[in-house]
Amino acid sequence: MSLTKLLLLVVYLTHVICEEGPIVNDAKANFDTNVYEESQSTNGNKIPDDVVGGGDGPDGSEEINEHDTSSSSSADTNAYTIPTVTLKSGYKMPLLGLGTDKLEGDTVRIVKEALEIGYRLIDTAKNYEATWTESSEVAIAKGIAASGVPRSEIFLTTKIMPDFFGMKEMRKAVKECLKDLQTDYLDLLLLHHPSCAEDDTECNPTGTLLEGWKNMAAMVNEGLVRDIGVSNVFPQQIKNLSIEGEKPISVLQNWFDPYHQDRRTRAVAAKNGIAFTGYSTLGVVWTDEGIRKNPVFMDSTIKQIADRRNCAPSDVVLKWAVTRGVAVIPGSTNSTHLRMNYNSLKVKLTEEDLMLMDGLNNKLTDDYGSSGMAGGEL
Ligand SMILES: NC(=O)c1ccc[n+]([C@@H]2O[C@H](COP(=O)([O-])OP(=O)(O)OC[C@H]3O[C@@H](n4cnc5c(N)ncnc54)[C@H](OP(=O)(O)O)[C@@H]3O)[C@@H](O)[C@H]2O)c1
Ligand SMILES: *[C@@H]1O[C@H](CO)[C@@H](O)[C@H](O)[C@H]1NC(C)=O
Ligand SMILES: *[C@@H]1O[C@H](CO)[C@@H](O)[C@H](O)[C@H]1NC(C)=O
């Protein structure tokens, strides 16, 4: 290692170590601005860099680009411009998109409907399935084709498991994703999990997390992928990759809902200019495979806010998340929900509403019930 690199490392570590304390104890300070409302009042102009989670990253590249939505009237069916965050590549990622896990046989229909409604981001993974014989990616390509929306207007995210972390496997997997999605580039590729779960006998890693990361960076250099990121990782893994990886992390996708706000990881992401996407934001992690009702939808605080603002609990959760700088990717096989979720960002929440939502963190804890995911670590 050269002396310059060593010095940079020391400076970086000092930065990370010195700044971590206050953020851990007062995470709210970093996610405190109501991005969406503010941007409306600026009438389509860019708003300052420091309003999103990623705003204080080293290169200060995070920003929300918003268009005036106040003119798009109150009619629910009107398309409006979803706010975006600018990633490390310079390309923009919408802060609301469509999740496609478990859409199953409805994948083609829902993707088409979503694009017709106005969604412009689709989140999938190489191992999501639409039917026994068709991957989610293949079904998504059919939905996109049926919608007639041009590829260039759509942000496509997919993810690969540790089975593809080796260079040969990585290149083969990415080429397969491209073929299945009927495209020649991916907007975002994520390492789905840092390693195989201990009880997952079907998962056979072909490389370490760091190797996977470096090989994925090569996919960017080859022009197959625009931005790269990680999923289901802890702060220490982010810090390690930020130091040792050849390319910076653009996006982190982790579990995020009102009871699990993942503040420490978000703070580290913010400090490194990494956009944060939350999954299972509507609370399905707590449902225990459908036996127990989703506590997020029954929460009295969320219900009260929804009643006050004349909207649904799901609207409150999604708008709050995006306002706190968390990109969301709700999925649904119900056309009404699909439309509701798309329109959720039009709901107006007050600072008091947002603070009440912040206050729900850890209201349910890991020992709530026996659900594997809720009880386990990411
Ligand atoms: N990186 C990872 O490891 C990882 C893990 C999990 C998920 N993800 C991604 O994140 C996406 C979303 O996560 P998720 O599927 O776990 O959870 P989710 O999209 O937050 O929740 C889906 C559930 O919420 C219901 N729902 C959706 N909108 C609703 C509304 N407006 N009102 C009432 N119920 C509503 C759906 O039922 P209906 O169909 O009846 O509406 C479905 O049961 C996935 O599709 C996937 O793309 C990534
Ligand atoms: C981070 O890197 C250090 C030094 O290489 C290593 O000892 C540690 O296990 C890594 N931590 C994680 C969570 O990967
Ligand atoms: C879709 O959701 C709406 C609103 O929650 C509900 O009234 C309707 O019954 C649902 N449709 C289906 C097919 O489940």
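Which helix gives the most to the shell around ligand 1? In this predicted model, that element is helix H12 (residues 335–343), which gives three residues; helices (H or I, at least four residues) are DSSP runs numbered from the N terminus. Residues are numbered from 1 along each chain as its sequence is written, and chains are lettered from A and ligands numbered from 1 in the order in which they are written. Because the model is predicted, local features need pLDDT of at least 70 and side-chain atom pairs count only at pLDDT 80 or more, while totals for chains, interfaces and linings use all residues; side-chain values use heavy atoms, with hydrogens and water left out.

Ligand 1 is surrounded by 26 residues, the closest being Asp123, Ser280, Gly331, Ser332 and His337; a residue is near a molecule if one of its heavy atoms lies within 4 Å of it. The shell of ligand 1 divides into eight nonpolar, 15 polar and three charged residues. In this classification, Ala, Val, Leu, Ile, Met, Phe, Trp, Tyr, Cys and Pro count as nonpolar, Asp, Glu, Lys and Arg as charged, and the others, Gly among them, as polar.

An N or O atom in the side chain of Ser332 is 2.5 Å from an oxygen atom of ligand 1, and a backbone N or O atom of Gly331 lies 2.7 Å from an oxygen atom of the ligand. For a polar backbone atom of Thr281, the distance to an oxygen atom of ligand 1 is 3.5 Å. On its own, ligand 1 has 890 Å² of accessible area, of which the protein covers 81%; such areas come from the Shrake-Rupley method with a 1.4 Å probe.

Around ligand 2 are Gln236, Gln237, Asn240 and Glu244. By class, this shell has no nonpolar, three polar and one charged residues. An N or O atom in the side chain of Asn240 is 2.2 Å from an oxygen atom of ligand 2. Taken alone, ligand 2 exposes 370 Å², and the protein buries 33% of that.

Two packed helices are described by the angle between their axes and the distance between the axes. Helix H6 (residues 209–221) and helix H7 (residues 235–244) have axes that come within 11 Å and cross at roughly 50 degrees. H6 and H7 are therefore oblique to each other, since angles under 35 degrees count as roughly parallel, over 145 as roughly antiparallel, 65 to 115 as roughly perpendicular and the rest as oblique.

Conventions: Polar contact = N/O pair within 3.5 Å; in protein donor to acceptor, adjacent residues only side chain to side chain. Axes fitted to C-alpha atoms, helices over the stretch in contact; angles between N-to-C directions. Helix = DSSP H or I, 4+ residues; strand = E, 2+ residues; numbered from the N terminus.
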